[in-house]
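Please keep the view open while I talk.

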Amino acid sequence: MAKSKQISSLQWRILPPIIALLVYLPIVSGSFFEPFNVSYDHRALIIAGKRRMLVSAGIHYPRATPEMWSDLITKSREGGADVIQTYVFWNGHEPVKGQYNFEGRYDIVKFVELVGSSGLYLHLRIGPYVCAEWNFGGFPVWLRDVPGIEFRTDNEPFKKEMQKFVTKIVDLMREAKLFSWQGGPVIMLQIENEYGDVEKSYGQKGKDYVKWAASMALGLGAGVPWVMCKQTDAPENIIDACNGYYCDGFKPNSKTKPVLWTEDWDGWYTKWGGSLPHRPAEDLAFAVARFYQRGGSFQNYYMYFGGTNFGRTSGGPFYITSYDYDAPLDEYGLRSEPKWGHLKDLHAAIKLCEPALVAADAPQYRKLGSNQEAHIYHGNAETGGKVCAAFLANIDEHKSAYVKFNGQSYTLPPWSVSILPDCRHVAFNTAKVGAQTSVKTVESARPPLGSMSILQKDVSQDNVSYISKSWMAWKEPIGIWGEDNFTFQGLLEYLNVTKDRSDYLWLKTRISISEDDISFWKKNGSNPTVTIDSMRDVLRVFVNEQLSGSVVGHWVKAVQPVRFVQGDNDLLLLTQTVGLQNYGAFLEKDGAGFRGKVKVTGFKNGDMDLSKSSWTYQVGLKGEAEKIYTVEYNEKAEWSTLETDVSPSIFMWYKTYFDTPDGTDPVVLDLESMGKGQAWVNGHHIGRYWNIISQKDGCERTCDYRGAYHSDKCTTNCGKPTQTRYHVPRSWLKPSSNLLVLFEETGGNPFKISVKTVTSGILCSQVSESHYPPLRKWSTPEYMNGTISINSVAPEMQLHCEDGHAISSIEFASYGTPRGSCERFSTGKCHASKSLSIVSEACQGRNNCFIEVSNTAFRSDPCKGTLKTLAVVARCSPSQETSYLRF
Ligand code: GAL
C-alpha cells in the first residue's frame, strides 16, 4: 500500500475534529450564499442585481423548539417560500436589564443559520416593539422602571434602550456573518411595527420618533433595506409596507419604493372563550394572486407556522396558549391541508410568471367585464426572448364570469383569479383546489409492545394509557405564604409589585365588622359587596380563606358579594393576569390589577373605602417560588397521594408521570377535565390552560370562501372549550417517566388527563378531468421545447402522508361521478369498476403518490361524454407498523 494512502493513528485522532470543522465551517463563516447585495426599485426588491418576486413564510422561533426549526423551514421551502420572516422578541432576549439570553428557543443565530442553510432568505423584524399577541408586545417589563420612560415616542430614556437593543441584534447578525453581503440569508430588516396605528396619540413627538427610529436604524450600517409596516410617513430610505387580509392596490408613499406585504393574515389568533378562526384557502389564494396581479412583489404569510405560546409568553388580554393561527403549518408543524398544498400550487404558478413579472415596470390593465379585469406583464426576459404573463380576476362574489382574453374564452369562478404564465394557458385558478384535504386524528397513546414501563404494568389491558393512574397532590396555601411579603398603606400598582414574575398577586387586609353591621344585613336580607372600580384579568375574593367568588374581565368593574362574621375578617384578593397587553399606545401606563377605588359597599352608613387601608402584598405562589414543577425541586412540596373519589379542590398542585408515545407524531396533553391553571413537563412550562367554553353562536354551518374575509367568518368550535390540547414538544420528553406538574386554580379532575398524539390520519381529495395539469409539468423539457402542449397533459391527484407515515389503506376511490364531500363520498351513477384497485396499487404502502385523472389511467371510460372526477379517501399510518402494534 502506498505510503501516502496510510493514515497514522495520530491522523485518526486529529482527522475527525478537522472533518467536523470543515462541515461546520460554512455555518461559522456565514457563507450560505455567494455574498450578494439587496436594493430595490419601484417594482421589487433587487437581489444580486435581479428583481425578484418573493413569497415569505412567517415563523416565530420561540413559538417552536430548536428541534422543530429545521422541519418547519424545510416545509416552508417545499411549500414554495423563498423567505422566512420573524420578529425578534426583546423580552425573551433581555429578561433582566443587561442580561441577554440567546439560548434554546431564543437562539436566534442558530435559527437564522438554519434558514440560510436551507437556501432561504430571512426578513428580520427587530421592532423592538412587535405586538404579535406576545406578552407586553415584546417589551421587557423592566423597561417600565427606567426613570422618565415613555414607550414608542420621542423620549430619551426609551430611545436609548431601543437603540441599544436594536444595535445588539444588528451586531449579532453582523458578527455571525448573516447579512446578505456577508453571504448570509438576511435580506431585509424592520424597525418599529405598525406605529402608524398609534402615532396620532403622540402628537408631534410621534412624528419625530418615526424620523429618529428610521435614521437610527439606517445608521447601524446593516447594509440591507429596512421596512416600516403601516407607516404612511415612513422616511425616504425606509420602505413602508402593508399589513392586512388584502393588500392589492396598496401604494407605498413614494414612487421609488416597491409594494411589500409584510403581514398577510392567513387566519387569526384566539382568545380564551373565543371560537376558532379559519380563513379559507380559496380566499387566501385569491388575496395573494390579486396582490401580485396588481403590482405586489413581496408577500409574507402571517403566520406560515404560528406555533405555541409556551410558558407565560402569550399576550393579552386573554390570548390562548395555542398560536395555531389557522396557518398552513399547524401548531405542531403538520401541514394543514388543503391550505398548504393549495398555496404551494399558487406559489408554483407565480414562480412561472416571475420572468414576465420582473421584466415589466408595470402591468398593462384591461377591463374584461363589470367585475372582471386582466393585468398583463410583458417584456424582454433576462435570459433573452419575450415573456408574457397574465392574471384574470373575477371579483364578483356570487357569479362565474365568462370572459374573452386575447381571442380565447375563459371561465372565471366567483371571487377568483386565473394565472396564465404564458398569457394563454391557465396554470392555476385560486378557487379550484386540487390539493388534498387532511383530517387530523388524535389518538390516545398506547404503548408499543414490549416497551411498557413500570407505570403501565398496573393498568388493565383495555384501559391502557401512557399516563400513570396515580396522582399526588399538594395544596397551595391560600393567602400570604412567604417571608418576602410586605405591608403598605394603600393600593400599589400591580406590575410595579409583581414585575410580571408571576400571574398571581395576593393582597390581604383586615376588616372589623360590628354586631350592628351583621344585624343590619340580616334585617335587610342583603350582603355587603367588594367593589373595585376597574380591574383586569381575573380576581378571586376570599373572606377568612373561603372563596366568595371570582370576576373575569378586562378593565371591568368588579362587584363581588361577600359574607363577613362579627369581629375581625381577613379579606384576601387574588388578582391575576392572563397575558399582558400587547397592542395600543402608552403600554407603559397600562399596568394590571386594579384602577380606582377598592371598597366594601352595603354598610348601614355607606361604603368602606379600602383604598388607603393597610394591605399585605405577596407575589406569586409558594409552589412557584419553590419551583416544585421542576425535576430538581418537586420533592420540596409535601405531596400526598390523591384518592380517586376526592372532590375537586381549588388551588391544588398535582403531579404524576407519563411515558412518551412511540413514533414521531406530535404529543399533546388533553386537559379538558381541568379548570384553569398552568402545566409543566419535566420542568418545561407548556403554558397556561383554561377550560373555558366558547360562545354558542357565531359559527356558520357552512363556510363560503367568497367575499371579503374577517376574523368572525368561518369560525368553528362554538359551544366547545376553546383549547383542550396542549402541545408538549418531543424534545422536552424522555422515553419514560416524564414529570407532569399542574397548578390548578378552580378544581378539575386530574385522573382524566390523557397523553395523546396528533397526526393527519385521513386524506381526502377530489380532482376532475377539467382540472389544470400539474404545475411541475410546465417546467418539463417537453413542454418548454414545445413537443407537447400543456393542454394535452392530464390533471393528477397527489396524496401525501406526513413524514414517517404511509398510506395504509384506500378507504374510498371512485373515478366517475362520485357524490358528496371529504369523508362522505359515495359512488354516483358513473363509476370505473377498477377505481379502488388502481388507486390502491398506486398508493398503498407509499408516503405519497400521484394518480393521473384520465380514462387512460383508469383503463376505461365509464361514461362517455360526461365530465369525470376522481374522489379518494386514504388512511395514513406510521410507516414502521411494528412500533404501533396494538394489544
Ligand atoms: C398586526 C401586528 C402583528 C399581530 C397581528 C395580529 O397588527 O402587527 O404583530 O399582532 O396584527 O395577529
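Let me begin with a definition: on a 1 Å grid over the protein atoms alone, a cavity is a set of points where a 1.4 Å probe fits but cannot get out, whereas a pocket is an open set with protein on both sides within 12 Å along at least five of seven lines, and lining residues have an atom within 4 Å of a point. Grid points are joined across faces, edges and corners, and a volume is the space filled by probe spheres set on the points.

This is a predicted model, in which local features need pLDDT of at least 70 and side-chain atom pairs count only at pLDDT 80 or more, while totals for chains, interfaces and linings use all residues. Residues are numbered from 1 along each chain as its sequence is written, and side-chain values use heavy atoms, with hydrogens and water left out.

The structure holds 2 cavities of 30 Å³ or more, and the second largest cavity has about 40 Å³ of space. Its lining includes Arg-335, Glu-337, His-800 and Cys-801, and by class this lining has 1 nonpolar, 4 polar and 3 charged residues. In this classification, Ala, Val, Leu, Ile, Met, Phe, Trp, Tyr, Cys and Pro count as nonpolar, Asp, Glu, Lys and Arg as charged, and the others, Gly among them, as polar.

Turning to the pockets, the second largest pocket contains about 1,300 Å³ of space, and of the 42 residues that line it, Asn-91, Pro-95, Arg-312, Asp-500 and Arg-501 are the closest to its centre. The lining of that pocket is made up of 16 nonpolar, 15 polar and 11 charged residues.

As for polar contacts, which here are pairs of N or O atoms within 3.5 Å, an oxygen atom of the ligand lies 2.8 Å from a polar backbone atom of Ala-132, a polar side-chain atom of Asn-193 is 2.9 Å from a ligand oxygen, and an N or O atom in the side chain of Tyr-325 is 2.6 Å from an oxygen atom of the ligand. The protein covers 95% of the 300 Å² of accessible area that the ligand has on its own, as computed by the Shrake-Rupley method with a 1.4 Å probe.

Notes
A polar contact is a pair of N or O atoms within 3.5 Å; within protein, one must be able to donate a hydrogen and the other to accept it, and residues adjacent in sequence count only if both atoms are side-chain atoms.
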